[in-house]
Amino acid sequence: MTTKNKLYLGLSVLVLLLTFVAVLKNFETITFLGMQTELIWIPIWIAIVILPLLNVYEIAVANEEYSKFYWLGLLLNIITILFIIRDYKIELLP
């Protein structure tokens, strides 16, 4: 069970690095679900939806033990979400 928290942390770091690469480089543009996007953004979007939910679930289930790996992974996921919001110029407040 100790490898799962390190796996989630490693995936969070990988998604953050992929986000930096996607912001700095240009990749092939495809049409996905009626929206034009670069190919690298598809796995980033999928991971950025699933990984924070998995981290929050593990934090909630294992509440008797403090796991810094899940919290650190969740923090990296939030930082990645903020970079994506900035890159796509999404305005949350009107």
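Which helices each supply at least two residues of the nonpolar patch? Helix H1 and helix H3 (68-88) do so; helices here are DSSP runs of H or I with at least four residues, numbered from the N terminus. The model is a predicted one, in which local features need pLDDT of at least 70 and side-chain atom pairs count only at pLDDT 80 or more, whereas totals for chains, interfaces and linings use all residues. Residues are numbered from 1 along each chain as its sequence is written, and side-chain values use heavy atoms, with hydrogens and water left out.

The patch consists of Val13, Leu17, Phe20, Leu72, Leu75, Ile79 and Phe83, and covers about 560 Å² of surface. To join such a patch, a residue must have over 30% relative accessible area and no salt bridge, and nonpolar side chains (Val, Leu, Ile, Met, Phe, Trp, Tyr) are linked within 5 Å; like charges are joined within 9 Å. A salt bridge is a side-chain nitrogen of Lys or Arg within 4 Å of a carboxyl oxygen of Asp or Glu. Accessible areas come from the Shrake-Rupley method with a 1.4 Å probe, and for residues only the protein chains shown count as cover. H3 gives the most to the patch, with four residues. Val13 belongs to helix H1 and is partly exposed, at 35% relative accessible area; buried means under 20%, exposed over 50%, and partly exposed in between.

The interior may be considered next. In soluble globular proteins, nonpolar side chains tend to be buried together. The largest nonpolar core has nine residues, among them Val15, Trp41, Ile48 and Ile84; a core is a set of buried Ala, Val, Leu, Ile, Met, Phe, Trp, Tyr and Cys residues joined through side-chain atoms within 4.5 Å. Helix H1 (2-24) and helix H2 (41-61) each supply at least two residues of this core, and H2 gives the most, with five.

Aromatic rings provide a further theme. Rings of Phe, Tyr and Trp (its six-membered ring) pair if their centres lie within 6.5 Å; planes under 30 degrees apart count as stacked, over 60 as edge-to-face and the rest as tilted. There are two aromatic pairs by this rule. Tyr8 and Tyr70 are tilted, with 6.0 Å between centres and 55° between planes. Because Tyr8 lies in helix H1 and Tyr70 in helix H3, this pair ties together parts 62 residues apart in sequence. Tyr8 is buried at 11% relative accessibility, and Tyr70 is buried at 5%. The rings of Phe20 and Phe83 have centres 5.0 Å apart and planes at 75°, so this pair is edge-to-face.

Terms used
Buried means under 20% relative accessible area, exposed over 50%, partly exposed in between (1.4 Å probe, protein chains only).
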